Amino acid sequence: MDLELHLILWHLAIVCGFLLAAALVMNIIVKQKSSSAALAWLMVIFFIPYLGVPLYLIFGGRKMKRDARTKEDLHLEVQETIPPDQADPIDLMLREYKIPGATSGNFFQLCNDGIEVYEELVNLIESAESQIWITTFILARDEVGTEIVERLARRASEGVEVKLLLDDIGSLFTTRGFLSKLTDAGGEVAYFMPILRSPFHGKANLRNHRKIAIADQRRVIAGGTNIAREYIGPKPFKDRWLDLSFIMEGPAVHFFCEVFNSDWHFSHGKWLELLPPSERVTSLPGRGIAQVVPSGPDVPNDPVHDALLTAAFTAASRIWIVTPYYVPDESLAQALRLAAQRGVDVRVLVPKKSNHNLADLARGTHLRELEKSGGTIIKYPHMVHAKVVVVDDRLAVVGSANMDMRSLFLNYEIVTFTYSAHYIEDVHCWVGRLMREGTEGASKVGAFRNLCEGMARIVAPLL
């Protein structure tokens with residue numbers, strides 16, 4: 001009898017598994033926007049169903065997920081912007097995506113390394129008069145994270161409003177106990193989309209990768225750096241990654257405040273009070289033109305991806321890219337190859353070896369194809385975590401989004417487009433210094449490595 005019961009249960013398990021897999025296959029076919037992503041998921045479910053089905057339940061899907069829909073779309077307030085007849089075509093395209101146009105009168109200054117970012121973050125915390133709002137993907141429990149938390153706790157005890165928003169995956173081991181000094185002092189902490197509360201709702205695939213620190217709604221530090229010794233610190237650190245962030249003041253800061261407010265409301269349940277227009281910094285004389293571009297499940301379409309695609313098709317002389325992971329979708333990869341073939345100076349700088357071996361495998365064929373089309377590949381000797389794009393003399397992009405499908409299609413990201421010549425030149429010089437320190441040429445590989453890279457490229461949409 002026991003044997004018969006076991007056989008019946010086993011048969012039911014197989015039937016239920018088959019029905020669940022069939023339902024997921026239909027869901028993938030109907031809802032996956034990217035054909036490459038759909039193919040990758042179908043292959044995993046067909047060939048290793050007992051692994052593929054739970055993985056899809058945890059990681060699969062993108063903007064259609066009900067968990068993504070529980071976060072309201074961003075509705076950024078439209079301010080006085082550059083007149084359309086003076087705006088860059090990319091700016092105009094983003095306006096069609098409901099992204100506010102570029103504003104003038106902004107101050108923009110690069111933080112060239114981890115020491116500068118740390119010093120500016122400390123200065124932001126110490127100089128804030130009433131509010132400190134910070135969101136980051138990683139807040140480590142190391143000496144840098146400890147120092148920043150202690151400073152935030154002290155400012156909170158002095159009556160400053162401190163809000164700290166952490167991604168639940170990126171800061172998985174940053175416990176509430178570690179942050180108790182801050183919360184005991186009156187600061188508030190929230191975790192973005194906790195995965196353990198509902199692990200099979202796909203939340204693991206919807207991460208907040210934005211890095212923003214705001215003081216008094218008037219000054220912001222943003223870019224690619226997290227809060228950990230690998231990224232920032234008061235002293236040199238031999239294993240520190242090369243990254244890039246920036247300081248901004250001016251009317252564009254309000255957009256960062258709106259994005260933080262939306263993320264905080266989603267994670268904490270309460271809206272923050274934003275400054276009325278009469279109390280904001282409306283412009284700084286003679287300063288730069290900037291456009292703040294968020295992307296992710298709370299933004300219709302894929303504005304960062306489509307802006308980069310437009311840049312590749314419209315570039316006249318150069319497209320320089322710095323990214324830790326070069327795993328673009330086929331449309332963007334092809335646009336960059338076509339740009340190189342028509343004589344545009346296309347350069348991609350990546351670390352010789354990144355912190356993700358699978359991403360290094362997946363990038364191999366992309367890099368060699370771009371090089372074959374006339375692009376230049378530069379391998380930097382150390383880990384580079386910066387996310388930078390320079391297009392001609394008309395545009396520089398600095399932010400949190402990597403040149404991979406996860407950043408471009410899944411993560412909550414935020415980048416800044418600057419259209420001012422002097423700020424573009426600052427970014428261009430920073431990238432140029434890196435390129436002079438790197439080695440040109442994509443790696444030549446043997447048959448086995450080529451096969452492995454091809455397989456990694458197939459599953460790249462799942463990375």
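Predicted model: local features only at pLDDT ≥ 70, side-chain atom pairs only at ≥ 80, totals over all residues.
Student: What does the chain contain, and how many of its residues count as buried?

Tutor: The chain has 15 helices and 17 strands, and of its 463 residues 58% count as buried. Among contacts in the chain with a separation of 6 or more, 79% are between residues 24 or more positions apart.

Student: Why is strand S7 called largely enclosed?

Tutor: A residue is buried when its relative accessible area is under 20%, and four of the five residues of S7, which covers residues 245-249, are buried, so the rest of the structure largely encloses this strand. Strand S1 (residues 103-111) is joined to S7 by five bridges, and strand S6 (residues 219-223) is also joined to S7 by five bridges.

Student: What makes S1 and S6 paired strands of S7, and which residues are bridge partners?

Tutor: Pairing requires at least two bridges between two strands. S1 has five bridges to S7 and runs antiparallel to it, and S6 likewise has five bridges to S7 in an antiparallel arrangement, so both meet the requirement for pairing. Phe-107 has Glu-249 of S7 as its bridge partner, while Ala-222 has Phe-246 of S7.

Student: How do you know that strand S5 pairs with S2 and with S6?

Tutor: The requirement of at least two bridges applies here as well. Strand S2 (residues 131-136) and S5 pair in the antiparallel sense over four bridges, with Ile-212 of S5 as the bridge partner of Thr-135. Four bridges also join S5 to S6, and these two strands run antiparallel, with Ala-213 standing opposite Ile-221 in S6. In the hairpin of S5 and S6 there are three residues between the strands, and Asp-216 takes a positive phi near 60°.

Student: Which way do the residues of S5 point, and are they buried or exposed?

Tutor: Strand S5 covers residues 212-215, with Ile-212 and Ile-214 pointing one way and Ala-213 and Ala-215 the other way, and all of them are buried.

Student: Why are helices H10 and H11 called roughly parallel?

Tutor: Two packed helices are described by the angle between their axes and the distance between the axes. The axes of H10 (residues 303-314) and H11 (residues 330-341) come within 8 Å and cross at roughly 20°. Since angles under 35 degrees count as roughly parallel, H10 is therefore roughly parallel to H11. Their crossing is left-handed.

Student: What residues form the contact of H10 with H11, and how do they divide by type?

Tutor: His-305, Leu-308, Leu-309, Ala-312 and Phe-313 in H10 meet Ser-331, Leu-332, Ala-335, Leu-336, Leu-338 and Ala-339 in H11. These residues divide into nine nonpolar, two polar and no charged.

Student: What makes H5 roughly antiparallel to H10?

Tutor: Helix H5 (residues 89-96) packs with H10 at an angle of about 150°, and their axes are 10 Å apart. An angle over 145 degrees counts as roughly antiparallel, so H5 is described as roughly antiparallel to H10. The crossing of H5 and H10 is right-handed. Ile-90, Met-93 and Leu-94 in H5 meet Pro-303, Asp-306, Ala-307, Thr-310 and Ala-311 in H10, and the residues of this contact divide into six nonpolar, one polar and one charged.

Student: Why is Lys-98 called exposed, and why is Asp-392 called buried?

Tutor: Exposed means over 50% relative accessible area and buried means under 20%. Lys-98 has a relative accessible area of 68%, so it is exposed, whereas Asp-392 has 8% and therefore counts as buried. Lys-98 is found in the loop between H5 and S1, and its phi is near 70°, a positive value in a residue other than glycine. Asp-392 lies in the loop between strand S13 (388-391) and strand S14 (395-399), and it has a positive phi of about 50° although it is not a glycine.

Technical notes: Residues numbered from 1 in each chain as written. Heavy atoms only, no water. Buried < 20%, exposed > 50% of the residue type's maximum accessible area, 1.4 Å probe, protein only. Axes fitted to C-alpha atoms, helices over the stretch in contact; angles between N-to-C directions. Parallel < 35°, antiparallel > 145°, perpendicular 65-115°, else oblique. Left-handed = near helix turned anticlockwise from the far one by under 90°. Contact = heavy atoms within 4.5 Å. Nonpolar A, V, L, I, M, F, W, Y, C, P; charged D, E, K, R; others polar.
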